[in-house]
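Subject: Structure handover

Hi,

Here is the structure I promised to pass on. Please open it first, then read my notes below with it on screen.

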2 protein chains.
Amino acid sequence: MEKKRIRIIVAYDGTNYHGWQLQENGITIEAELNRCLTELLGEEIRVIGASRTDAGVHALGNIAVFDTVNRMPAGKISYALNQRLPEDIRIQKSEEVPSDWHPRHCASRKTYEYRIYRGIFPMPVKRLYSYFVYTPLDVGRMREAAAYLEGEHDFRSFCQTGAQVESTVRMLYSVWVEEQDSDLVIRVCGNGFLYNMVRILAGTLVEVGQGKREPESMAEILAALDRGAAGPTAPAHGLTLIKYEFFGKND
Amino acid sequence: MEKKRIRIIVAYDGTNYHGWQLQENGITIEAELNRCLTELLGEEIRVIGASRTDAGVHALGNIAVFDTVNRMPAGKISYALNQRLPEDIRIQKSEEVPSDWHPRHCASRKTYEYRIYRGIFPMPVKRLYSYFVYTPLDVGRMREAAAYLEGEHDFRSFCQTGAQVESTVRMLYSVWVEEQDSDLVIRVCGNGFLYNMVRILAGTLVEVGQGKREPESMAEILAALDRGAAGPTAPAHGLTLIKYEFFGKND
């Protein structure tokens with residue numbers, strides 16, 4: 001029987017999951033996908049994910065692939081799989097890709113949003129998808145600081161220590177700080193992200209907005225190549241993986 | 001001891017509640033407020049709410065009042081009460097009002113939003129706060145239909161049957177249909193709303209957007225004075241009470 005490789009776009013509310021990656025204790029997005037795909041296709045399925053998001057992080061468009069010999073048309077898998085998945089995980093698209101296509105071995109551009117809710121008190125309908133900050137934030141200063149992060153840099157200062165990675169150099173195409181009524185959205189687009197990188201960027205930009213750091217200090221933080229130079233890691237629930245875009249011969 | 005009347009602005013995520021109003025079975029917003037206020041102030045407190053929202057409906061700014069002899073400064077009650085409330089209920093403001101001020105006996109303007117998420121598949125992070133519609137919606141037609149609803153009308157056709165109310169005449173100051181990326185927001189501002197009125201308006205406007213009804217049919221629906229003439233009641237979780245504004249000598 002011929003195997004084909006299927007790529008799925010996966011959206012989820014991370015609130016009730018211990019992140020993407022399989023683990024012994026605690027339910028994960030990857031485990032739910034494997035379970036439901038195995039039931040649906042009648043063979044043992046193991047997905048390969050593009051981004052192993054942390055516990056509490058959300059996604060509109062994470063990516064995964066898997067191989068199957070089942071002859072269900074690729075485009076129909078999304079509909080059938082959504083019937084089996086819990087309502088906080090929903091496949092947005094399913095399609096066949098070349099058998100050697102791998103989501104982590106191909107050039108891509110990823111977009112994340114970190115959402116902050118500004119108010120005197122927390123707003124219940126916002127609590128699961130944004131970080132509540134009650135201190136005033138100077139958006140102009142945050143934008144100034146954000147500009148230092150754009151371009152190719154060694155982001156070691158913005159990487160959780162203990163992460164094992166060959167290179168800590170990444171390219172950020174854009175770092176925008178946008179006001180949406182009471183929300184402040186930090187939208188970051190890059191060719192890759194280190195462990196906790198967006199959350200550390202967000203935590204540091206918040207400190208700039210609060211006046212605890214100067215916008216120009218971003219250059220020194222980058223140059224320090226030391227996690228201790230940057231600000232705190234902002235909470236996971238404010239972070240959403242928006243989309244993946246792939247380049248290269250396979251796509 | 002002198003009694004004073006306190007007004008609170010109450011925000012909540014209605015997902016886990018059986019609506020505002022006290023009931024025998026099931027936890028309600030009103031019951032949580034009474035319980036936490038009674039604990040905080042050391043006397044039996046019974047709040048009076050402005051809008052008794054249904055199960056699943058959310059609020060950014062519902063209003064309630066209560067009387068207390070406790071000498072805690074009115075403005076501090078919000079902070080102290082938020083320490084005791086579950087995280088899906090948060091007081092946004094507390095202040096003293098005249099002792100005869102009553103949220104349902106005074107002229108007011110209320111704003112509701114009904115939010116629709118448009119997509120091929122549901123989006124998990126939107127599922128609790130919007131109604132998922134996968135059929136195409138013609139926004140131009142919905143706006144045309146909405147215009148028929150503005151002004152003073154007898155809205156009996158848009159009132160859940162069985163509701164006991166003296167008059168079914170209400171004034172709608174504005175009915176806007178706004179696109180926000182993938183969301184469609186129906187924003188309604190009026191001097192009062194009948195039982196399920198915004199949800200029936202939303203369900204009917206969706207049918208106009210789907211081409212099942214003509215925009216001009218809104219005039220006939222209003223004239224029919226019959227619930228059967230209007231469309232279905234859209235689901236509760238798409239509805240959010242945005243704000244109350246009060247007029248008159250007391251305010």
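A word of caution before the details: this is a predicted model.

**Where the two chains meet**

Start with the contact between the chains. Chain A puts 23 residues into it, and chain B also puts in 23 residues. Together the two chains bury about 2,000 Å². Carbon and sulfur atoms account for 67% of that area. Look next at A:F121, A:V125 and A:R127. These residues supply 33% of the area that chain A buries against chain B.

The interface of chain A and chain B holds four salt bridges. Find A:R127 again: its side chain forms a salt bridge with the side chain of B:E87, at 3.6 Å from N to O.

Which elements of chain A give two or more residues to the side that touches chain B? They are β1 (4-12), β3 (58-68), α2 (74-84) and β4 (89-97). Of these, β4(A) gives the most, with four residues. Sorted by class, this side of chain A has 14 nonpolar, four polar and five charged residues.

**Helix α3 of chain B**

Now move to helix α3 of chain B, residues 139-149. Its buried residues are B:V139, B:R141, B:M142, B:A145, B:A146 and B:L149. Why do they sit on the same side of α3(B)? Because they cover an arc of only 150 degrees around the axis. What do they pack against? In chain B, they meet strands β5 (108-118), β7 (151-154), β8 (169-180) and β9 (183-190), plus helices α4 (197-209) and α5 (217-224).

B:D138 caps the N-terminal end of α3(B). One of its side-chain oxygens lies 3.0 Å from the backbone nitrogen of B:G140. Just after α3(B) comes B:G151, with a positive phi of about 100 degrees.

**A charged residue to look at**

Last stop: B:E32, in helix α1 (residues 29-41) of chain B. Is B:E32 buried or exposed? B:E32 has a relative accessible area of 8%, and the cut-off for buried is under 20%, so B:E32 counts as buried. Leaving out residues up to four places away in sequence, B:E32 touches B:Y17, B:I27, B:L85, B:P86 and B:I89.

Best wishes

How values were computed: Residues are numbered from 1 along each chain as its sequence is written. Chains are lettered from A and ligands numbered from 1 in the order in which they are written. This is a predicted model: local features need pLDDT of at least 70, side-chain atom pairs count only at pLDDT 80 or more; totals for chains, interfaces and linings use all residues. Side-chain values use heavy atoms; hydrogens and water are left out. Contact means heavy atoms within 4.5 Å. Buried area is the accessible area (1.4 Å probe) that two parts lose on being put together, summed over both. Ala, Val, Leu, Ile, Met, Phe, Trp, Tyr, Cys and Pro count as nonpolar, Asp, Glu, Lys and Arg as charged, and the others, Gly among them, as polar. Buried means under 20% relative accessible area, exposed over 50%, partly exposed in between (1.4 Å probe, protein chains only). The arc is that of the directions from the helix axis to the C-beta atoms. A polar contact is a pair of N or O atoms within 3.5 Å; within protein, one must be able to donate a hydrogen and the other to accept it, and residues adjacent in sequence count only if both atoms are side-chain atoms.
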